[in-house]
Amino acid sequence: MSEFTVMVLRFAFFALLWIFVFLVAGVLRQDLFGPRRSNRVGRRGRSRGERGAVPAGGPPPGRAAPQHAPPSRAAPPQQQAPPVPRALHLTSGALAGMVIPLGAGPITLGRAGGNTVVLEDDFASGHHARIVPDSGHWYVEDLGSTNGTFINGQRLHSPVQMRIGTPVTIGHTTLELRP
């Protein structure tokens with residue numbers, strides 16, 4: 001083999017090695033920090049996540065606008081007040097079946113002993129999440145945990161209002177508000 005061929009093979013191997021290193025670094029970054037989110041506007045004026053979005057002006061082209069029925073003269077239905085959550089139910093995990101009555105103060109969740117609910121879960125942080133009341137609603141917020149807090153499969157980045165029956169996941173533990 002000529003010296004030139006050996007040098008070309010060395011450079012090709014070196015380039016493939018660096019491509020492999022960058023691919024591994026990208027996978028590790030995604031595992032640690034989650035997928036990238038882009039708010040940049042694409043060529044057509046919509047952000048990348050809105051490709052299938054319906055224009056605000058009306059129905060998509062080729063579809064007729066929905067026909068509205070004329071208003072009936074029947075008595076309007078009586079509106080019921082939404083049910084008030086009274087307890088936090090743990091539905092899966094080591095503490096499945098546990099019920100925590102809601103009071104006026106916050107509920108903290110995590111592995112540390114000072115929390116309201118001490119989770120026996122390797123994927124929970126010491127002080128993982130907090131559930132706080134505010135104006136008759138309950139909000140869940142992540143306290144900077146390593147593995148994150150999820151509501152309906154979406155990772156929390158700010159406090160989010162909890163709705164009755166909506167699952168909140170911390171590691172292997174799932175909990176929800178119930179009336």
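This is a predicted model: local features need pLDDT of at least 70, side-chain atom pairs count only at pLDDT 80 or more; totals for chains, interfaces and linings use all residues.

Student: How do β3 and β4 pair, parallel or antiparallel?

Tutor: They pair in the parallel sense, and two bridges connect β4 with strand β3, which covers residues 107-110.

Student: And which residue is the bridge partner of G110 in β4?

Tutor: That's V118.

Student: How many bridges join β7 to β8?

Tutor: Two, with β7 spanning residues 149-151 and the two strands running antiparallel. Within that pairing, F150 sits opposite R155 of β8.

Student: Remind me, what do strands of a sheet pair through?

Tutor: Strands of a sheet pair through backbone hydrogen bonds, in either a parallel or an antiparallel way.

Student: Switching to loops: where does H128 lie?

Tutor: H128 is in the loop that links β4 (117-118) and β5 (129-134).

Student: Is H128 buried or exposed?

Tutor: Buried, because its relative accessibility is 0%. The side chain of H128 also has a polar atom 2.9 Å from the backbone oxygen of G148.

Student: Now the helix. Which residues form the nonpolar patch on the surface?

Tutor: The patch consists of F13, F14, L17, W18, F20, V21, F22, V24 and L28, and together they have about 950 Å² of accessible area. One of them, F20, belongs to helix α1, which covers residues 3-33.

Student: Why does F20 count as exposed?

Tutor: Because its relative accessible area is 53%, and the cut-off for exposed is over 50%.

Student: How many aromatic pairs are there?

Tutor: There are two aromatic pairs in the structure. In one, F14 and W18 have ring centres 6.2 Å apart and planes at 80°, so this pair is edge-to-face. F14 and W18 are four residues apart in helix α1, so about one helical turn separates them. Both are partly exposed, F14 with a relative accessible area of 48% and W18 with 42%.

Student: And how far apart are the ring centres of W18 and F22?

Tutor: They are 5.8 Å apart, and since the planes are at 35°, the pair is tilted.

Student: Why tilted rather than edge-to-face?

Tutor: Because edge-to-face needs planes over 60 degrees apart and stacked needs under 30, with the rest counted as tilted; W18 and F22 have their planes at 35°.

Student: How many residues apart are W18 and F22 in helix α1?

Tutor: Four, so about one helical turn separates them. F22 counts as exposed, at 58% relative accessibility.

Student: Last one: which residues form the aromatic cluster?

Tutor: F14, W18 and F22 make up one cluster, and these three are also among the residues of the nonpolar surface patch.

Technical notes:
Residues are numbered from 1 along each chain as its sequence is written. Side-chain values use heavy atoms; hydrogens and water are left out. Patches are made of residues with over 30% relative accessible area and no salt bridge: like charges are joined within 9 Å, nonpolar side chains (Val, Leu, Ile, Met, Phe, Trp, Tyr) within 5 Å. Accessible areas come from the Shrake-Rupley method with a 1.4 Å probe; for residues, only the protein chains shown count as cover. A salt bridge is a side-chain nitrogen of Lys or Arg within 4 Å of a carboxyl oxygen of Asp or Glu. Buried means under 20% relative accessible area, exposed over 50%, partly exposed in between (1.4 Å probe, protein chains only). Two strands pair if DSSP finds at least two bridges between them. Rings of Phe, Tyr and Trp (its six-membered ring) pair if their centres lie within 6.5 Å; planes under 30 degrees apart count as stacked, over 60 as edge-to-face and the rest as tilted. A polar contact is a pair of N or O atoms within 3.5 Å; within protein, one must be able to donate a hydrogen and the other to accept it, and residues adjacent in sequence count only if both atoms are side-chain atoms.
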